[in-house]
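Try each task before you read its solution.

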Amino acid sequence: MLGLLQYSAANAAVQAGLGRLLESGAWNRLLAGKDLEDMISILSGTAYRDAVVEAPDDIEAVERRLRCSLADRIRLPMPFLRGAASRLVDRLWRRFEIDNLIIILRAHHSREPVRRIDESLLDLGPASRMDWEELRNARSVAGVIERVGNASAGLEYRRSLQNAFHEYRRRSAVYLLEISLYITYYRKLCQSLRRLRGRDGQAARRLVGTMIDFRNLLWAYRYRIFFKMAPETILSYTVPEGGCVNVRVIQRVATGAPPLEIVRELWGDTLPGMERIEDIPVRDAVVELEIIFRRYLYREAREMLTGYPMHLGMALAYIVLLEAEVDDLIALMEGRINGWSVNRIRSSLIGDRGRQ
């Protein structure tokens, strides 16, 4: 009975959130917009009003506001979830803390002024227990690592950064700290995933487990192709615990297996747009895989909303769809500013926007 009451309230919140997603007509108007000012005007009549009203006429500022809106709206079902379900959704949300930490680490590594940090940080409100002001004023990467553990929520981040700091200092490569944070984040996410049972566990593995699989594959290919990492390093820089992407798969990727071969072996012909990676260089195929993976998750989330509602899947589907919408808004804005055609912009979007 407690589970039914929990998900009844959570689903009411999810339905309210889904009702605030942009309708087809709004997307048609956005796609027809001439410039950033046009798109801000259109969004001012939607659920994004608070994010864009009085926004500076600057794409970076608008993107930051949209991501802040995303971070806030993702938490909509959280007050109604309990136990392992609540912890998984909270862990998903914590990636915004990782994003902020990476912004601060990069800025201190490059010795950028605090003003630049302020222009980039997401306002995460009381949901985050991190002292972002203290971290932005840390003056150095070492100072960030020292201060990040001052809040109980930051202890896991400090341990992760401490483990990578020696190699970072030796090579002066800030991406090593970023990788360390992401590995810690995804390991904790996998732990939260394993604690779920029944319909909650099935739904979480279908969406979150698949997301982790996709992330590991993309990491492994990027490490191999763009960073020229050795196979043993690639294996240590991934977290093959989500679902079907295991150690054996990562080893094959690290030693040269092409993307099309691996993806078809794991998912057959279920991924949308596989023709996009046929007969193109591996480097380009990895870029295309990102949008293919995101479209698959989007489709799975939409299908999950049509099934039995009394489980965690409804909240997870809402999160996937909301994030896809914000990412598509940002892609649309950047495409318009860069002078892309409507067809080219559509080809970069996760959802099938407008047209109706």
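**Exercise 1.** Which residues make a nonpolar surface patch of about 270 Å²?

*Solution.* The model you are looking at is predicted. The patch is made by F226, F227 and V287. Now take V287 and find its element: helix α17, which covers residues 282-304. Then decide whether V287 is buried or exposed. Its relative accessible area is 52%, and exposed means over 50%, so V287 counts as exposed.

**Exercise 2.** Find L322 and decide whether this residue is buried or exposed.

*Solution.* Start with the place of L322, which is in helix α18. Next, look at its relative accessible area, 0%. Buried means under 20%, so L322 is buried. To finish, find L155, which is 167 residues away from L322 along the chain. The C-alpha atoms of these two residues are separated by 30 Å.

**Exercise 3.** Describe the second largest pocket and its lining.

*Solution.* Begin with the space in this pocket, about 670 Å³. Its lining has 30 residues, and the closest to the pocket centre are L22, Y298, R302, D352 and R353. Then turn to the elements: α2 (24-32), α17, α18 (313-337) and α19 (342-347) each give two or more residues to the lining. Helix α2 gives the most, with five residues.

**Exercise 4.** Which element has the lowest mean pLDDT, and which the highest?

*Solution.* Then compare the elements: helix α1 (residues 2-18) has the lowest mean, 80, and helix α15 (residues 247-254) the highest, 97.

Notes
Residues are numbered from 1 along each chain as its sequence is written. This is a predicted model: local features need pLDDT of at least 70, side-chain atom pairs count only at pLDDT 80 or more; totals for chains, interfaces and linings use all residues. Side-chain values use heavy atoms; hydrogens and water are left out. Patches are made of residues with over 30% relative accessible area and no salt bridge: like charges are joined within 9 Å, nonpolar side chains (Val, Leu, Ile, Met, Phe, Trp, Tyr) within 5 Å. Accessible areas come from the Shrake-Rupley method with a 1.4 Å probe; for residues, only the protein chains shown count as cover. A salt bridge is a side-chain nitrogen of Lys or Arg within 4 Å of a carboxyl oxygen of Asp or Glu. Helices (H or I, at least four residues) and strands (E, at least two) are DSSP runs, numbered from the N terminus. Buried means under 20% relative accessible area, exposed over 50%, partly exposed in between (1.4 Å probe, protein chains only). pLDDT is the predictor's confidence in each residue, from 0 to 100. On a 1 Å grid over the protein atoms alone, a cavity is a set of points where a 1.4 Å probe fits but cannot get out, and a pocket is an open set with protein on both sides within 12 Å along at least five of seven lines; lining residues have an atom within 4 Å of a point. Grid points are joined across faces, edges and corners, and a volume is the space filled by probe spheres set on the points.
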